[in-house]
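Open the model in your viewer and keep the selection tool at hand. We will take a few stops, one selection at a time.

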Amino acid sequence: MNEIKRTIKYEADRVVGFGREVMDVPGCEKLESCIQCGTCSGVCPLSIYMDYSPRQVMALTRSDFKNEVLQSHTIWLCASCYACTAECPRQIRITDIIYELKQRAIKEGIYPKHFTIPVLAQEFTKMAYQNGRVTENFLAAKLFLKTNPKAAFGMWRLGLALMRTGRFAYRVEKIENRGELTRMMESAKKHRDHVFAEEAHAIGGHGSHQKAH
Amino acid sequence: MTKFSYYPGCSLKGSGRAYEESLLPVFKSVGVELDELKDWNCCGATAYMAVDEVDACVMASRNLAIAEKAGHKEVVAPCSACYLVLNKTKHYLHDSPAINKVVNLALQEAGLSYSGNTPVRHPLDIFIHDIGLDAIKAKVKKPLKGLKVAPYYGCQIVRPYSTFDNQYNPTTMDRLLEALGATVLDFPLKTRCCGGSLTGTLPEPGLLCTYILLKEAKKRGADVIATVCPLCQFNLDGYHDKIEARWKEPVRIPTVYFTQLMGLAFGISAQELGLQRNITPMKPLGATAA
Amino acid sequence: MSVKQNGKEEVRIGFYVCHCGHNIAAMVDCPEVAKYIETLPGVVLSRDYKYMCSEPGQDLVQQDIREYKLNRVVVASCSPLLHEHTFRSATEAGGLNPFFFHMVNIREHNSWVHTDRKEATEKAKGLAHAAIQRVAHHKALETKRVEINPAVLVVGGGIAGIHAAMTLANAGKKVYLVEREPSIGGHMAKFDKTFPTLDCAACILTPKMSEVGCHPNITLWTYSEVTKVDGFVGNFTIQVKRKPRYIDPDLCTGCQECIPSCVFKEPKFSDEFNEGLGKRKPVFISFPQATPQVVVIDPEVCLNFKRGKNPDGSAIVSDKCKKTCVDACGDKKAIDFTQKDIVEEIKVGNIIVATGFKTFDAERTPQYGYGKHKNVYTALEIERLVNASGPTGGDVIMRDGKTPKSIGIIHCVGSRDYKTNKWCSRVCCMYSMKLAHLLKEHTDAEIYSFYIDMRTPGKGYEEFYNKMLEEGVHFVRGRVGEVTDWAFTPEEEGKLVIRVEDTLAGYVRRIPVDMVVLATGLEPQADAQDVRRLFNMSCGSEGFFLERHPKLAPVNTFSDGIYLAGCCQGPKDIPDTVAQAGAAAAEALVLIDRGYIEQEPNTAFILDEECSGCKSCLPLCPYTAITYQEDRKKAVINEALCKGCGTCVGACPSGSIVQNLFDDDEIFSEIAGVMAYE
Amino acid sequence: MSEKPWTPRIVAFFCNWCTYTAADLAGVSRLKYAANARVIRVMCSGRIDPQFILDALNRGADGVLIGGCHPNDCHYVEGNYKMLRRFQLLQRMLGDMGLEKERVRLEWISAAEGEKVKTVMNEMVQTLTRLGPLGIPKRWDEWDKEMTEMEHQAGAQEPVACNCGIAKIKAEVAHV
Amino acid sequence: MSKPKVAFYWCASCGGCEETVVDLAEDILAVVEKVDIVLWPVAMDFKYKDIEAMADNSIFATLLNGAIRSTEQEEMAHLLRRKSQFLIAYGSCAHTGGIPALANQFSREQILKFNYEDAPSVVNENKVRPQLKFEEEGRSPHLPMLWDTVRTLDQVVEVDFYIPGCPPTPKLTKTAFDALLSGNLPPKGSVLAPDMALCGECPRKDSKPIDVVFTGFNRSATTILDPEKCFLAQGVVCMGPATRSGCEAQCVDGNMPCTGCFGGTSRVHDQGAKMLSSLCSNIESKEEAGINKTLEGIPDPVGTFYRYGLAKSILRRRINPTA
C-alpha cells in the first residue's frame, strides 16, 4: 500500500472500556501490569509476519483500541505455542488474551475478510460440535471451498501423498452418542450467563476475586 | 500389567495414525495396557478455544468425565494439542468456579460428573517416570547405533501446563533416544513452533516455521527428526515440496514419531510401526549407520 | 463534662483529631469525629486540627493542658510507631506525665486503606472512643534508663561496613569489624571503574581498606562470622567464630613467599575473587591489595588436609605433602596447620549490619544461554575481565580465546522479572553503560545495549547516558527474548544471535554478536534469613532487611540499637551506600554520646498480696525475669530483665500480674470502647 | 447506624512488632481493604488473654482476628507459640459453645506482609458476611425476655382439660 | 428489741448448702439465739403469703442458695429481695450458676425432650410433658415455667454479698454471720472469701516444681493420683490456680483436684478462660499437631473450666443451642 494514510489517533477512535472488559476476564487481568518490554514479540516465532507485534496488541487493548486489535492479523497469526506466556516477565497470559480477542473478533464478525483462520476455527467447531470428531481432510476440503478453491487445487499433491500413505480418511468420523454431546452444549448455552453473573456477584465485595490460571 | 485410559484424539485416527500404530505395541511391550475411552469426542483443539472457551471446556470435559467413569486414574493423551487442551480444561475447571459450574451442569445432562482429579499425561512422561529408562533399555533388541536424531518436542507439551520436563530445555525424549542407542543432537529449536495449523491456512508464515526447523536439523547432520505430535509430524513431513519450491533449498529429512524409533529398537517391524506412512520415508536402519 | 476515676482523681481528657493535610481529612470527617468525642464522659475538650505533629499543633496541646487543667491527652492521627514519642513529649512539656497520653491510628490503619468516607469516619469514631475509655485508666509512669556500651559491632567489610567502621573509629569509638571473606573490600574491590565518574574502584577503596587494617580503634576479624547475639540495645553480647586460615596473622609479614613455593607449581583451583575466570593455589591471597595482607590456606584443596580436619577445624596433618610452604616461611613460622576455630565473645552497645548482596545467578534465565554458550558472561565477570589486575591483565579475551568484535549487553537479567526477582536492581542500567564504555575502550567492538527502561536517576548519570550515546553504543529498547546459536542468515553463522523486538523502531530483530553480557541484578545474600533471625530483624517480601520506616527511619531496624547500611537493605549504588553507612554510624553515635536510652516502661509486675505462688508464670518468661521466692512462696518479676511482652500477664490464672501501658482494665476498656460505637 | 445494612464487626488484636507494623505498611502502600476491623495493639500476641476474645464477642463483635509474628520470628522469642496454644483450645471450646470456628482467626503476619493484612481482612469479612451476625448483646435482649414475659404468656394461656393425666403439651411446645 | 430476722431459701440447688447451715453444728445455736429464723423451707413449714405479708426490708438478711431457672424462683428472688435488707447469694449456684448452669449448654427443649422422652430410664410413649396449667376436679393448678437459660442470683436481682462454695464451708458461713451481725462489712458486692487463689493455702504447694510444662493431660478418674504431689505436676487439671481460696483445700485433702467451685478472684472476669490460658501457655509443643495431641487430655473444656461458673462466665450460655 503506497497511498499516504493518516495515522494519528483521536479519543473518538477508542472504544472506552474495552481494555477493562478484557482485563476483567479471568486469566487476562495481569495485562494491567504490562511494561511493554517486548519479550512476547521477541520470542514469538510468528511476530515477524504480524501487522502489530504482540506487545503492541497488548498496548492497544489496554488503551481501548478495540477495532485496531480485532481487525489485526496478529491475533490470527498466533499459533498458540505459548512462548510469550512462558516468557513474559510479568506473567501475563498473552496467549489466553489473544484467544479472548479471537473470540470477540468472531462474535463481532469483524475479523479481516478472506482470512482463512477464523473460518477454519468456526468450521472446525461446527464439525466437532456436530460429529463429536474432526476428520482433517474433510475439514480442509470444506475450508478451501469456503475460502479460496484455488489454494485447494494447490494442495492436490499433498492430498495424493496422503492417500498413497494411507493417511487419508474416506468417511467422516462420528461419535455414537451425538445427542448426549448436543444436550451438554445446549445446557452450557442455557446456564452460562446466569452462572457467570452469580459467580461475579459472589466474588464481588472487597474480595480479591478468583482467577483462572 | 498397568492400565491407563487412552485418549487418541482425532489425528491419531486420521493423518497421524502411524503414531497410534507405533504407540500401542511399544506400550504393550513395556507392559502397559491402554484402553481407549469409550466414545470419546474431539478435544476441541486450539480452534475451539478461539471460538468459545466455555464451550471448549464443556466439550473437553466430557472426555475427562468418561475417563473418570472408566475408573483408571490416569489418561494418556499422545497428541500435543489434546494434551494441552485437556490439561488447560482441568486448570480452568479448578480456577474458575463459574466455568466449573457450567461444565458440571452440562455433564449432568449426560449423566456424567468430573471430580477434577484425573491426571492427563503424555507418553514421554510415562516412559521416563513410570516405566523408567532401565526397563526400556532392557527391551532394546536392535540399538539405533549411529542414528543421528534431532529431538523435536514442539511447544504444547512443554508450555505452559507441562510439569514433567523443563520448558526451556526438555530432555525426556533425549534421554529416551539415548537409551535406544541413538546419537541425540543438540537441537536448539527443540521447542520452537512448527507453524501449527498455519501451514494450511497461511502457508507463508506457517511453512517458514517448518522450514527453519528442517533447515537447522539438516545443518546439524540429523538423519531423522523425532517428534511427539501428529501435527508437527504432518508439517515436518508433508510440505517438503512446497518448502523447497519456496526457499530453493533441499530440506528433505524424514520426521518420525519417537514411538516409531522405540519400536524399531524393540525389534518391531517398520511396517507394523506405520513407517511406510511417511511421505519422506526414513532409510532402513542399517543404511543410516554408514 | 468530667467523671471521677476510681474515687479520687477527676479525669479531664483533651482529644485532638489530626487532618494530616488531606491524608486523613480526605477520607475521615475530622470535625464530625471531634463532635462525637466531645459528648463522651471525661472529655473536657475535643478539637480537629490540620497538622497535630506541627509546632503549633504541639503547642496547642501544651496550652490546653494548662488552660483546661487536662490530665489526659488523646491524639488521633498517624501510627504511634511514627509520632507517639512526639506527642508524649508535648504532653510532658505541658506539665503532665507523658504516659497520660494515648494515640489513635486513623491514617495508616484507616484513611489510607479505606475507600468509603462514611465507613472510615465511623471507624475513626470507634477507635477514638476506645482511646478515650482507655486513657482514663492510664497511670503516671517513669521510663527506665539503660546505659549504652560505647563499643560498636559492624558486620560486613564491604564499602558500607568499611565506611561505617571508619566513621565510628574516627569519632574515637571502639569498633569490631567482622567479615566473612579472607579480605575486606566486598564487591567494590572487584570492580574496575565506578560510574559515572569512571574513577578506578581500587584507587578509591584500597586506601580506606588499609586504614581500617591499621586503625587503633578497629579490631578487624576477617574470615569470621557472628554466631550468636544476646541482649538488647546498649548491652549486646556477641559471639564471633573465627575460621582458621592456618596462618598466624601476627607472625605473617605478608611476604607471600609461601605461594610460589607451594607444591602445586601451577595454580589450578577456581579463583573466587576472579569469578572463576582465573586460577589460584591452595595457599593464596585473594587479591594484591587484600586486607589484611595475610595469605590463606584452603583446607578443601591443600594436601595437608588430605586426611581431613578435626571437629575443631585443625588439620589431621597428613604426610602427603612436602610442606614446601613451611620451609619457604622459614623462621617466621607463620604457617600453622594446627590452628582451630576460635570463638570470641565481645560486648557492644550498637550493631551495624552491612552484609551486602549477592548477584543473580544467570543460569536461572536459561533463555540467555549462560553456562550453555561459553561466550555469554555475567557483568561481574566482565568487571574482572577488563580489570588490569584481573585474570587476563585487562585484555578482553573470551573463553574461546578470541576478542569480541560485537557485544550485546542485556539489562534487567533477574530484575523486574516476576519469574525471578520483581524489583529493579537500580544499578544495572548505569553499570551496563559503564561496561559498554570499558568494553568499547578495550576492544573497539560494536556494542548493543538492550534495556527495558533506561534508569539514570543520579548526579551526572543522565549525562553519562548521553556520553554513551555519543560514543555510539547502539541502544535497543526491548527485553531480549532469547540468545541462541543457530543461524538463519549467513552473517549469523558461528555467532550468538539475540532475538529482540526493537520496540522503538517497531521491528523484531535478530542481532548476531560474538559476546553477550548479562547485567545480572542484585538479590539478598543466600543466608539473609538466618542473619535476620540472628539479629532479630525483619525482611521485606523480597528478602532484603527491613528498615524501621521507609522515609523517617531508613537505617534503623525494629530492634533498637541495630542499624542497616548498604545493599543488605536493598539495591543501591556506591554513593548511596556510603551515605547510608554514614547515617547508620551517626545513629549509633547518637546513643553512644547520650550514654543511655530510655526504655518503654511497659514492664509487668506481680501483685505481691494477691500472688498465690502457683508457679504457672515461671516457665513462660523467655528472659527468666520471673523468679520464685521459696521463703515467701511468691513469684517476683525482675524489672530490669522484663522486656514487657505481657505473656505472663495473659497467662496468670488469678489475674495477679499486671503490665504498665497494657493492663487488663486498659485493654478491656479499649474493647468496650470499640464496641460501644456502632 | 441502625439504618445501614448489617456488616460484620471485627475486633483485631495485633502484635506491635509484626502484624501492627504490617498494617502500617499496608497503609503506607495505600492498599485498600474492608473497614470492618478495629485494631487493638498489644506488644506481643502472647499478651492476648482469652478473656479479651470472649469479651469482644460478648460485646457484639461478629469475629475476632489475632495477628502475631511467624513461628521463630517472635520479637519476644516465643510469645506467639503461647498464643497458638491458647488459641487451639479456645477455638475448640467456642465450638462447644455454639460458635462457628471461623469467627476467631489466628494469622501470622510479618512486618513485611502488608498484602497479607489486606487479604486476611477481606477474607474474614467475606467469611463473617456468609456466617451472618453473631450479635450476642442482641441475643441477650431476646433471651432475657423470658424473665418476665414468659410468665405472662403462661398466665394468659387457656387452661386445657386434663383427660386422665395425659397432659396436652401443645401450649408448652408452642412458645418453646 | 426483737432479734434480727433471718431467712434461708433455696432455688435450683441440691440442698447441699442447707446441709452446711446444719453443719454449723453447735455454732447454729449461737446463731439461733442471736436471730429469728423466719423462713427455712428445708427445716420448717411456711406459706408464701406469710412472707408476702411481711413489711419490706423487715428481714435482716436472706441467704439464698441455688441458681434461678424458673419463673417461680424468679418470683421468690424478687420477693425476698424486697423483704430483706441484705440479700446474700449463698453457695456456687446462686453465686456463679453452679452445676445447674451447665444446662446453659442446651436449650430448654433439648432438656425437656431428653428428660421426658429420650433418657434411657424414661418410659413415656405418649411423650407427655408437664404443662403449665390444667384443670382437674375444678382446681386449676399451674406449674412454674422452666427457663431456657440458668441465671445466677445477681443476674435476676441485686445482691449484697456472696458466700462461695459448693457448698460453702461452715467456717465461711459463720464468719459471714459474725460480720453481718457485728456490722463491720466489706464493700457491697464483695465475695466473703479470701481474694487469693487456692494454691495459697494448698498443702501440696511446695511439691510443684517451678518448671511444669505439659505434654499431655491425665484425668483424675483414669489415673492413680500421688497423694502428696501437686496435681498439675502430675498432669492433672486442677483449677486451684484460678480459683479463690477459703475452702481450706478440702478436695485436695481428699486427693481430688480442685474443680473451681469458689469461682475466680476479683481480678478475673472469666475463671475458665484464665485457667485455659495458663494451662495452654505451658504446653510444651510448638506445632499445632503436637499441641492438639496434648489437648486431647481435655475432651470437655466447657465442663472442665466452667463446672460451676458457666452462668457467670463471659459468654454465659451456648450461642446456637440447636447448632
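How many residues does the contact take from chain A and from chain B? Select both sides: 70 residues come from chain A and 73 residues from chain B, with contact meaning heavy atoms within 4.5 Å.

A note before going on. This is a predicted model, in which local features need pLDDT of at least 70, side-chain atom pairs count only at pLDDT 80 or more, and totals for chains, interfaces and linings use all residues. Residues are numbered from 1 along each chain as its sequence is written, chains are lettered from A in the order in which they are written, and side-chain values use heavy atoms, without hydrogens and water.

Stay on the interface. Chains A and B bury about 6,200 Å² between them, 61% of it on carbon and sulfur atoms. Buried area is the accessible area (1.4 Å probe) that two parts lose on being put together, summed over both.

Next, pick Arg167(A) and Asp237(B). They form a salt bridge, with the closest N and O atoms 3.1 Å apart.

Now select α12 (178–203) of chain A, a helix by DSSP (H or I, at least four residues). α12(A) gives the largest share of the side of chain A that touches chain B, 14 residues.

Last stop: Asp192(C). Look in the loop between β9 (175–178) and β10 (193–194) of chain C; strands are DSSP E runs of at least two residues. Is Asp192(C) buried or exposed? Asp192(C) is buried, at 9% relative accessible area (buried is under 20%, exposed over 50%, 1.4 Å probe, protein chains only). Among the residues that Asp192(C) touches are Cys200(C), Glu383(C) and Leu438(C), not counting residues up to four places away in sequence.

How values were computed
Salt bridge = Lys/Arg side-chain N within 4 Å of Asp/Glu carboxyl O.
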